[in-house]
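Visitor: I am new to reading helix packing. Could you walk me through an example?
Guide: Gladly. Let us look at one together.

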Amino acid sequence: MSASDRRVREVFIELSDTLVDDFDIIEFLDRLAVRCSELLGVSACGIVLVDHHGALNLVAASTEQARLVELTQLQNLEGPCLDAFTTGRPVQHADLRDAAARWPRFAAAAVEAGYLAVQGIPMRLRDTVLGAVNLLSEVAEPLSDDTIALGQALADAATIGIVHQRAVARQEIVTEQLQAALNSRILIEQAKGFLTHSLGVDVDEAFAILRAYARANNRRMTDVAEDVVQGRITRLGSESASNTPPA
Amino acid sequence: MDQDRSARVWAAIKAVADGEGASLSLRHAVMACAQVLSAMGAGLSMTTRDGEILEPLLATDPGVGELDELQFSLGEGPSGEAIALGAPVLETNLAGIAAGHRWPAFASAGVERGVRGTFAFPVGAGAAKLGVLSVYRRQAGPLDADQVKDALVLADAVFVLALDHRHGLSADLDGVIEAAFTARRAEVHQAAGRIAAQQRIGVTDALALLRAHAYSSGLALHRIATEVMAGRLRLESDHDGASVRGDGHIVPPPTDQGATGPAGTSGPKEIGSPHSDTEQEED
């Protein structure tokens with residue numbers, strides 16, 4: 001295993017601490033994506049969820065580059081995430097340089113971004129697949145069985161986050177929570193777009209600013225996003241967390 | 001992507017309209033919803049402009065309209081919660097203990113009228129909260145998974161029809177459906193947020209501007225969104241949200257900036273250090 005047992009334990013405690021009553025699903029999945037790449041010793045991680053049109057939507061990525069590679073999958077409808085989602089089983093490719101037949105567009109984009117190995121892990125709840133976790137690695141070698149098992153445990157944690165801690169969630173609750181997560185993502189995208197104009201930043205800086213502001217003020221990112229697009233917060237520049245209040 | 005489901009749902013809406021010999025409207029979508037979900041009826045309540053208050057707009061019959069009115073006048077029920085959550089509220093039995101606890105007055109009034117299954121689907125996307133589609137069934141029990149997906153796709157259809165309706169947009173059915181298909185992409189919502197900031201309008205109005213431009217230019221919604229995000233296209237609102245200017249020319253910002261928040265009417269907070277005294281213009 002690539003991570004110490006202690007660190008694994010810490011991460012699961014951190015994640016379960018996040019699962020309080022009024023938790024923010026986007027913040028949770030964003031944190032999970034970062035922890036996944038750290039604990040599993042991979043370069044990047046992306047998380048996708050299915051919507052009612054049957055389309056997969058990217059809800060979290062540990063890095064900007066991973067986000068772009070994930071979007072390549074979703075736009076071209078090919079790649080390990082889609083396969084893991086469709087089959088409900090883990091999908092692995094240890095060297096993407098020979099994956100041109102399997103996923104021509106995805107493999108090309110991933111290799112160009114510097115990712116050589118990939119692992120897709122389904123997010124399952126009983127007989128339903130809600131989405132998938134995608135692991136990207138710069139080293140062309142397969143992940144060990146232990147690492148994959150830990151990856152599956154983290155993917156299960158993501159699933160539990162979405163169904164809101166309810167171990168025996170009824171299907172209605174799963175639907176409600178999944179839709180809430182997808183809608184939160186849309187709200188975040190709207191706020192990012194808003195900030196590109198009002199702060200003159202690009203979309204990734206906008207996301208980082210939203211996240212930093214939410215953390216510094218102990219608020220849910222979706223609530224901050226809502227305030228931003230409604231014009232209720234006008235200043236939340238990148239330096240706002242540490243500097244003096246406005247004169 | 002399950003384009004079959006969208007096609008099937010739009011065909012169901014069109015069949016209702018054709019049955020009346022009328023051109024497709026919001027009302028037909030609400031009627032189709034009741035049919036597809038084997039419900040006693042369905043209704044549509046709309047928010048005030050980007051506000052929280054739901055006012056019943058139309059229903060498949062007067063009895064259902066009364067149920068929506070009840071939720072509105074009592075200030076409780078699944079519809080208001082669906083708006084707040086940004087997700088559907090699926091109550092399988094209004095006569096159950098949980099529902100009685102959650103909405104005491106509405107649950108007993110609904111049960112008296114023979115309602116059991118009560119379902120509310122938000123009509124909107126992110127901060128654009130247009131309204132709620134409410135569905136009432138005589139029988140208790142859940143919608144099956146397929147019905148839930150149909151209902152969510154129907155709510156999306158109602159969203160684009162309501163958006164176009166509110167802003168006086170019209171297009172042929174293929175145009176409406178095409179714009180509906182790409183409306184969920186991330187860049188479309190980023191562009192809506194950007195336009196909301198540029199024009200000091202709500203996200204709902206910004207989405208309507210995008211759609212209006214898609215109709216007038218014949219371009220796909222997500223292509224227009226990409227242009228907006230790249231700063232190559234600026235859409236102008238005339239405060240009716242209907243007129244569009246998009247000639248690729250970057251329009252200079254208005255000179256009276258900084259006085260009020262972009263879309264808010266009540267004193268916006270200023271938090272953290274000032275980034276600059278005026279909004280930065282892109283590029």
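Guide: Start with H7(A) and H8(A), which are roughly perpendicular to each other. Keep in mind that this is a predicted model.

Visitor: How are two packed helices described?
Guide: Two packed helices are described by the angle between their axes and the distance between the axes. Here, helix H7 of chain A spans residues 171-198, and helix H8 of chain A spans residues 203-216. They pack at an angle of about 110 degrees. Their axes lie 8 Å apart. Angles of 65 to 115 degrees count as roughly perpendicular, so H7(A) and H8(A) fall in that class.

Visitor: Is the crossing of H7(A) and H8(A) left-handed or right-handed?
Guide: H7(A) passes H8(A) in a right-handed crossing.

Visitor: Which residues of H7(A) and H8(A) meet?
Guide: From H7(A) come A:Arg185, A:Ile188, A:Ala191, A:Lys192, A:Leu195 and A:Thr196. From H8(A) come A:Val203, A:Ala206, A:Phe207 and A:Leu210. Sort the residues of this contact by kind: seven are nonpolar, one is polar and two are charged.

Visitor: What about H7(A) and helix H9 of chain B?
Guide: Helix H9 of chain B covers residues 186-199. Its axis and that of H7(A) come within 6 Å and cross at roughly 45 degrees. H7(A) and H9(B) are therefore oblique to each other. Their crossing is right-handed.

Visitor: Which residues meet between H7(A) and H9(B)?
Guide: On the H7(A) side, they include A:Ile186, A:Glu189, A:Gln190 and A:Phe194. On the H9(B) side, they include B:Ala186, B:His189, B:Gln190 and B:Arg194. The residues of this contact divide into five nonpolar, eight polar and three charged.

Visitor: Now a single residue. Is B:Ala179 buried or exposed?
Guide: Buried means under 20% relative accessible area. B:Ala179 has 3%, so B:Ala179 is buried. B:Ala179 sits in helix H8 of chain B, residues 173-181.

Visitor: What is B:Ala179 in contact with, leaving aside its neighbours within four places in sequence?
Guide: B:Arg211, B:Tyr215 and B:Leu221. B:Ala179 and B:His222 are 43 residues apart in sequence. Their C-alpha atoms are 8.7 Å apart in space.

Visitor: How many helices and strands are there in chain B?
Guide: Chain B has eleven helices and five strands. Of its 283 residues, 53% are buried. Take the contacts in chain B between residues at least 6 apart in sequence: 60% of them join residues at least 24 apart.

Methods:
Residues are numbered from 1 along each chain as its sequence is written. Chains are lettered from A and ligands numbered from 1 in the order in which they are written. This is a predicted model: local features need pLDDT of at least 70, side-chain atom pairs count only at pLDDT 80 or more; totals for chains, interfaces and linings use all residues. Side-chain values use heavy atoms; hydrogens and water are left out. Helices (H or I, at least four residues) and strands (E, at least two) are DSSP runs, numbered from the N terminus. Buried means under 20% relative accessible area, exposed over 50%, partly exposed in between (1.4 Å probe, protein chains only). Contact means heavy atoms within 4.5 Å. Axes are lines fitted to C-alpha atoms, for helices over the stretch in contact, and angles run from 0 to 180 degrees between N-to-C directions. Angles under 35 degrees count as roughly parallel, over 145 as roughly antiparallel, 65 to 115 as roughly perpendicular and the rest as oblique. A crossing is left-handed if the near helix is turned anticlockwise from the far one by less than a right angle, and right-handed if clockwise. Ala, Val, Leu, Ile, Met, Phe, Trp, Tyr, Cys and Pro count as nonpolar, Asp, Glu, Lys and Arg as charged, and the others, Gly among them, as polar.
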